[in-house]
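Reader: Hey, could you walk me through this one? I'd like to ask things as I go.

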Amino acid sequence: MTLRKLASLAVLSIGLVSVAACSIPERLPAVPQADTARALPLGIPNARFFADGDPRPLMEEARRAFEREEAALRAAGTRPGQAGMRLPPVSYLAVSGGGDNGAFGAGLMNGWTETGTRPEFKLVTGVSTGALTAPFAFLGSDYDATLREVYTSMTPEKVYRARRFVVAALFDDAMADTAPLAQVIETYATQKMFDAIAREYQKGRLLMIGTTDLDAQRPVIWNIGALAASGHPGALDLFRKILRASAAIPGAFPPVLVDVELDGRKYQEMHVDGGTMAQLFLYPASLDVSKSGVRRVRNAYIIRNARLDPDYAESERRTFSIAGRAINTMLAASGKNDVLRTYFVTQRDGVGYNLAYIGADFKAAKPGEFDQAYMNALYQYGYQQAKSGQAWHKVPPTLETAR
């Protein structure tokens, strides 16, 4: 049974939950609606931003990042901005969700390194499986071997343990337990990695990961570099929770609870898969980088860990089958819309657009979730796409077809 089917089964079972309400897992109260923006995890003001909220805090973070970048360039003997000189070009990277299809992005990053043309990214963002890829991509080619290991050795047993269906549907918060995934995250998201992220943050580089605040029904952008540089003793644990939350498919995987305190009272936010709101993001559309006053060439690279052509499959005339297929269809449509939205934002802002995705020429069979043969084939596909120079497209395929 696929993870999406598990999620759809959980959704369809929700009407039965009321009979067992007294057994639902407990949590602290949710943050009151009027106070969601005031809540500060670990008390760090710039730890996260609401993507649909006031853009000024995120703009201020970008401004401070620019100042840190300028200071780092001066320390290296470069004097940017003098006599009308442009700053060095920058590259942005956005990595989408896609579950085990994240093997495509992992292969692409490794193949890209082999070409010798992979840039250092000023900004890296990730959602769901893309959130697991993002820290490795952010830290550069030294982490390529680890990224390859993660996506070519993954098995279902390393991600989740299925719960008994009836018990999970009625009494638990998900159809599966992701304790194995938490262990994998802890193995790779180490203090050494966290310290390296902090050092890059001090140079003006940004690593952002998306989750969904389910209580507030709002997209959240976590500022991982600020967390790493904060020195807070709970920051590493929160980083690991964010990675786990970003991949927490609602209904299939348990949500992650984030503790916050307001006016002396303790609350908990419930965070799930960032893909619930968006399969990928570069930066909120409310930001227009062309109006920042900083003159420089900007290029965006978007990795969509999914196909963008229709994925045909005959549907059985059964409730669960229809619901599961409908959820998959909605997610696919959401991903296509995110690709288009990002394209139009970059065109507005004068940012170069480069899109990579799983093409219709990839034919490997997928017998189940996190199947190693499938993931290895997809890794090699992404690797060869990058190494051959065929990975990047200047427009989304829907617009390409219309021309």
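Reader: Okay, leaving aside its neighbours within four places in sequence, which residues is Gly-105 in contact with?
Author: Gly-105 is in contact with Ile-303 and Asn-305, once those sequence neighbours are left out. Contact means heavy atoms within 4.5 Å.

Reader: Before I go on, what kind of model is this?
Author: This is a predicted model, where local features need pLDDT of at least 70, side-chain atom pairs count only at pLDDT 80 or more, and totals for chains, interfaces and linings use all residues. Residues are numbered from 1 along each chain as its sequence is written, and side-chain values use heavy atoms, with hydrogens and water left out.

Reader: How do helix 3 and helix 5 pack?
Author: Helix 3 (residues 102-115) and helix 5 (residues 144-152) have axes 9 Å apart, at an angle of about 155°. That makes the two helices roughly antiparallel. The axes are lines fitted to C-alpha atoms, for helices over the stretch in contact, and angles run from 0 to 180 degrees between N-to-C directions. Under 35 degrees counts as roughly parallel, over 145 as roughly antiparallel, 65 to 115 as roughly perpendicular, and the rest as oblique.

Reader: Which residues make that contact?
Author: On the helix 3 side they include Ala-106, Met-109 and Thr-113, and on the helix 5 side they include Leu-147, Arg-148 and Tyr-151.

Reader: New topic: how many residues are in the largest nonpolar core?
Author: The largest nonpolar core has 69 residues, and Leu-108 and Met-109 are among those with the most contacts inside it. A nonpolar core is a set of buried Ala, Val, Leu, Ile, Met, Phe, Trp, Tyr and Cys residues joined through side-chain atoms within 4.5 Å. Apart from that core lies another one of 30 residues, including Leu-123 and Tyr-353.

Reader: What does Leu-108 touch?
Author: Not counting residues up to four places away in sequence, Leu-108 touches Ile-303, Ala-356, Gly-382, Tyr-383, Ala-386, Ala-391 and Trp-392.

Reader: How many residues of helix 4 are buried?
Author: For helix 4 (residues 129-139), 11 of its 11 residues are buried. Helix 4 is followed by Gly-140, whose phi is positive, near 100°.

Reader: Which residue has a positive phi although it is not a glycine?
Author: Ser-128 is one of them, with a phi of about 55°. Ser-128 lies in the loop between strand 3 (123-127) and helix 4, and counts as buried at 8% relative accessibility. Asp-263 has a positive phi too, of about 50°. Asp-263 is found in the loop between strand 8 (256-262) and strand 9 (265-273), and counts as exposed at 66% relative accessibility.

Reader: Last one: what does the secondary structure of the chain come to?
Author: It comes to 13 helices and 11 strands. Buried residues make up 52% of the 403 residues in the chain.

Conventions. Helices (H or I, at least four residues) and strands (E, at least two) are DSSP runs, numbered from the N terminus. Buried means under 20% relative accessible area, exposed over 50%, partly exposed in between (1.4 Å probe, protein chains only).
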